[in-house]
Structure formats: C-alpha cells, structure tokens
Amino acid sequence: MTITCARESDLSPEDYIAVLGATDLGDRRPLGNRDRIAEMLAGANFVVVARDAAGQPVGLARCVTDFAWVCYCTELAVCESHQGQGIGKQILETCFDLLGPRIGLVLIGDPDAIPFYEHIGMERHAGFFHTRTDAE
C-alpha cells in the first residue's frame with residue numbers, strides 16, 4: 001500500500017472528521033460540531049496528513065508550533081483500518097524532517113499509545129495540567 005505524508009495548510013473539516021471518526025480519539029473530539037472543527041484546524045499552523053494512493057486521508061498530525069523551539073502535536077491519529085502499518089511513525093518522521101533538528105516535538109499520549117511512542121524512540125516526561133472542559 002502506498003501512503004504519502006505531506007504538510008497541508010488546507011485540510012478540510014470533513015477530512016479531519018473522517019480520520020478522527022475512524023479512531024478512538026473521535027469520542028474525545030467535537031466531531032458533531034463542524035464549525036468548531038474548522039476553528040481547531042484554523043488554529044493549527046502545522047498539519048501533516050497521510051493519504052492513500054487514491055488520495056483519501058488515512059492519518060494526520062495536527063500541531064501548533066513557533067517554528068523556533070517547540071511543536072506541540074495536539075493529536076496523532078491513524079484510521080483503525082490502517083493501524084499497525086507504520087503510518088503513525090511515517091507521519092511523525094515527516095514532522096521531524098519538516099521541522100528539523102532545532103525544534104522539539106511534544107505530545108500527550110493516550111495510555112494505550114504510550115508503547116508506540118516509546119517504541120519509536122520518544123522519551124516520556126511527567127507533567128500534564130488541564131483546565132479545558134469537554135463541552136462542544
């Protein structure tokens with residue numbers, strides 16, 4: 001299967017919803033609120049999308065970065081139908097390549113995903129604080 005990963009500045013809310021809806025992250029995002037999803041995408045200044053040979057999105061990383069020090073990945077998602085094929089790693093490697101060695105990439109990993117992040121060589125750090133509600 002041919003998967004291409006590239007930075008996209010115009011990911012549609014529909015494509016985002018299709019990918020996240022096909023993952024367990026979909027339950028923790030306001031996928032029923034297209035306007036809010038559009039706002040989330042507008043606020044992300046670094047998005048990498050994995051697409052299959054037909055051009056359909058099968059994974060993504062939505063991030064915010066200052067392009068000088070750090071990039072915060074708000075979510076890394078791969079459709080369940082495409083998991084276990086190295087696509088998540090390919091998306092992150094594309095992020096690393098595009099950001100370069102000066103910029104660190106940080107994320108909050110779901111407990112089920114921690115083995116994946118450790119397997120690809122990311123270091124675990126303690127410290128997470130939360131104030132947001134889950135209201136749509």
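Modeller: A nonpolar core is a set of buried Ala, Val, Leu, Ile, Met, Phe, Trp, Tyr and Cys residues joined through side-chain atoms within 4.5 Å, and with that in hand we can read this structure, which is a predicted model.

Biologist: Which residues touch the most other members of the largest nonpolar core?

Modeller: The general idea is that in soluble globular proteins nonpolar side chains tend to be buried together. Here the largest nonpolar core has 21 residues, and I91 and L105 are the ones that touch the most other members. Two or more residues are given to this core by each of β2 (46–51), β3, β4 (70–78) and α3 (87–99), and the largest share, five residues, comes from α3. If you look around L105, leaving aside its neighbours within four places in sequence, you find it in contact with C71, C73, L92, C95, F96, L99 and M122. Apart from this core lies another, of 15 residues, including V19, V49, A77 and C79.

Biologist: How should I read a helix, and which residues of α2 are buried?

Modeller: One looks down the axis and asks where the buried residues point. In helix α2 (residues 34–43) the buried residues are I37, M40 and L41; they fall within an arc of 95° when seen down the axis, so they line one face of the helix. The face turned away from that buried side carries the exposed residues D35, E39 and A42, while the buried residues of α2 pack against α1 (13–21) and β3 (57–65).

Biologist: Which residues of α1 are buried, then, and against what do they pack?

Modeller: In α1 the buried residues are P13, Y16, V19 and L20, and they cover an arc of only 130° around the axis, which puts them on the same side of α1. Those buried residues pack against α2, β3 and β4.

Biologist: Turning to charged side chains, how many salt bridges does the model hold?

Modeller: A salt bridge is read here from a distance, with a side-chain nitrogen of Lys or Arg within 4 Å of a carboxyl oxygen of Asp or Glu, and by this rule the count comes to eight. One of them joins R34 to E14, whose closest N and O atoms are 2.5 Å apart; since R34 lies in helix α2 and E14 in helix α1, the pair ties together parts that are 20 residues apart in sequence. R34 is partly exposed at 40% relative accessibility, and E14 is partly exposed at 41%.

Biologist: Which residues are linked in a network of salt bridges?

Modeller: E8, D15 and R51 are linked in such a network.

Biologist: Where is F67 found, and what is its phi?

Modeller: F67 is found in the loop between β3 and β4, and its phi is near 60°, a positive value in a residue other than glycine. F67 is partly exposed, with a relative accessible area of 39%.

Terms used: Residues numbered from 1 in each chain as written. Predicted model: local features only at pLDDT ≥ 70, side-chain atom pairs only at ≥ 80, totals over all residues. Heavy atoms only, no water. Buried < 20%, exposed > 50% of the residue type's maximum accessible area, 1.4 Å probe, protein only. Helix = DSSP H or I, 4+ residues; strand = E, 2+ residues; numbered from the N terminus. Arc of directions from axis to C-beta. Contact = heavy atoms within 4.5 Å.
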